[in-house]
Number of protein chains: 2
Amino acid sequence: MRAEQPRRARGPRTGQADTRAAIIAGARQAFEAHGYDTASLRGIARRAGVDARLVHHYFAGKEDLFVAAMALPIQPAELLEQLDDAEGAGERIVRLFFRVWDSEEGRRSFKALAGAATTNERAATMMREFIKRAVVGRATAIFEGPDAELRATLLAAQMAGVAQLRYILRMEPLASASVEEIVRLLAPLAQALRDPKPR
Amino acid sequence: MRAEQPRRARGPRTGQADTRAAIIAGARQAFEAHGYDTASLRGIARRAGVDARLVHHYFAGKEDLFVAAMALPIQPAELLEQLDDAEGAGERIVRLFFRVWDSEEGRRSFKALAGAATTNERAATMMREFIKRAVVGRATAIFEGPDAELRATLLAAQMAGVAQLRYILRMEPLASASVEEIVRLLAPLAQALRDPKPR
């Protein structure tokens with residue numbers, strides 16, 4: 001019992017959940033203020049009112065913090081490892097993309113991110129930097145041949161566009177199509193971006 | 001000279017340009033209030049304070065009015081006729097898409113539409129109905145084989161996603177890639193959606 005202790009403005013931090021929540025709130029502020037590339041773990045710790053070592057205790061790094069701060073339903077590393085083996089890569093990544101974003105939480109998260117990125121210049125910068133480093137950067141490292149980074153960006157664009165029409169505009173028949181139908185049509189396209197035919 | 005005539009609240013309508021502008025303003029209001037499918041030429045005429053026959057004098061129909069009201073840089077019919085002949089259809093439609101939206105006016109128009117559709121439920125309804133009728137409807141009529149409408153919607157999604165990352169998030173290297181580079185990579189994907197390989 002620490003009933004004698006004066007309450008701080010933020011409220012007393014009584015447990016790990018509170019510390020973690022404070023770090024996440026600090027991360028959200030820092031990413032929005034500085035973008036993904038420039039935000040630092042030190043700055044996040046300062047905003048959260050905790051020691052930087054405590055941030056490292058709860059989160060593996062900046063990417064992990066971003067995933068938590070934006071309530072993303074998946075770690076990019078987990079999504080992108082679907083591309084590792086060429087055989088069936090297109091099908092695996094499209095399938096996992098929809099398994100994740102098709103959830104109630106995923107749809108909500110996608111709408112919030114797309115709304116912010118479309119209307120708020122700082123949010124757009126933050127998302128662009130994160131997608132570029134965590135998503136496109138990983139895909140580029142896997143893709144072979146020329147234009148790897150452009151092809152990886154086009155794959156991200158394809159999935160973003162489908163999510164936009166399925167979750168935000170809710171355009172039929174895409175909005176109600178089964179994941180299986182979408183996978184069957186998009187998998188060859190994703191595969192063609194990973195492994196383009198020689199010209 | 002009609003100097004004796006009292007000024008109306010809207011200002012005197014002295015010429016064809018004013019009449020046309022009033023009709024466009026009425027159309028914008030009607031589409032936003034009722035969506036694309038429900039808005040009527042009669043309702044648009046009423047909002048513009050003109051006779052419905054005058055609307056028909058200036059605009060071929062509802063689609064034409066929507067293009068003018070939203071300041072779209074191209075008529076959907078013109079874009080979609082690129083798909084008519086199977087041979088080279090993918091390349092032609094991707095090329096025309098970027099020739100149009102890559103202009104200063106096109107980028108501005110795309111940003112305005114995407115912002116409204118992402119944050120405003122009525123604007124989303126209006127855009128969804130228009131894209132479905134004017135764009136996807138036409139593509140579906142051209143595409144052969146099963147899932148024509150789903151494949152046409154996926155083509156729209158692909159182009160929307162690329163425009164989103166190129167114009168709104170400005171993600172490199174896509175933002176600075178030449179139209180030729182993008183066409184080379186996307187044309188086979190667009191073609192595959194028009195003419196999928198048999199399973």
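**Close-up 1. The salt bridge between A:Glu121 and B:Arg170 in the predicted model.** In this predicted model, A:Glu121 forms a salt bridge with B:Arg170, and the closest N and O atoms of the two residues are 3.0 Å apart. The pair crosses between chains, since A:Glu121 belongs to helix H8 (residues 121-142) of chain A, while B:Arg170 is found in the loop between H9 and H10 of chain B. A:Glu121 counts as partly exposed, at 49% relative accessibility, and B:Arg170 is likewise partly exposed, with a relative accessible area of 34%.

**Close-up 2. The salt bridge between A:Arg170 and B:Glu121.** Here A:Arg170 is paired with B:Glu121 in a salt bridge whose closest N and O atoms lie 3.0 Å apart. Because A:Arg170 lies in the loop between helix H9 (148-168) and helix H10 (179-194) of chain A, and B:Glu121 in helix H8 of chain B, this pair joins two chains. A:Arg170 has a relative accessibility of 34% and counts as partly exposed, as does B:Glu121 at 49% relative accessibility.

Close-up 3. The contact draws 43 residues from chain B and 43 residues from chain A, and the area buried between the two chains is about 3700 Å², of which carbon and sulfur atoms give 74%. Eight residue pairs, with both residues at pLDDT 80 or more, are in polar contact across the interface. On the side of chain B that touches chain A, the elements giving two or more residues are helix H7 (104-119), helix H8 (121-142), helix H9 (148-168) and helix H10 (179-194) of chain B, and H9(B) gives the most, with 14 residues. The residues of this side of chain B divide into 24 nonpolar, seven polar and 12 charged.

**Close-up 4. The rotation axis relating chain B and chain A.** Chain B is superposed on chain A by a rotation of 180 degrees with 0.0 Å of shift along its axis, at an RMSD of 0.0 Å. The two copies are therefore related as by a two-fold rotation axis. Of the residues of chain B, B:Gly161 comes closest to this axis, with its C-alpha at 1.8 Å. Of the interface residues of chain B, 100% are also interface residues in chain A, so the copies meet through the same surface.

**Close-up 5. The salt bridge between B:Arg95 and B:Glu91 in helix H6 of chain B.** The side chains of B:Arg95 and B:Glu91 meet in a salt bridge at 2.6 Å, N to O. Both residues lie in helix H6 (residues 89-101) of chain B, four residues apart, which is about one turn of the helix. B:Arg95 counts as partly exposed at 22% relative accessibility, and B:Glu91 is partly exposed as well, with a relative accessible area of 37%. In chain A, salt bridges that share partners join A:Glu91, A:Arg95 and A:Glu180 into one network.

**Close-up 6. The buried residues of helix H2 of chain A.** In helix H2 (residues 41-48) of chain A, the residues A:Leu41, A:Gly43, A:Ile44, A:Ala45 and A:Ala48 are buried. Their cover includes helix H1 (16-38), helix H3 (52-58) and helix H4 (62-69) of chain A. H2(A) is followed by A:Gly49, whose phi is positive, near 70 degrees.

Key:
Residues numbered from 1 in each chain as written. Chains lettered and ligands numbered in written order. Heavy atoms only, no water. Contact = heavy atoms within 4.5 Å. Buried area = accessible area lost by both parts, 1.4 Å probe. Polar contact = N/O pair within 3.5 Å; in protein donor to acceptor, adjacent residues only side chain to side chain. Nonpolar A, V, L, I, M, F, W, Y, C, P; charged D, E, K, R; others polar. Least-squares fit on C-alpha atoms with pLDDT ≥ 70 in both. Buried < 20%, exposed > 50% of the residue type's maximum accessible area, 1.4 Å probe, protein only. Salt bridge = Lys/Arg side-chain N within 4 Å of Asp/Glu carboxyl O.
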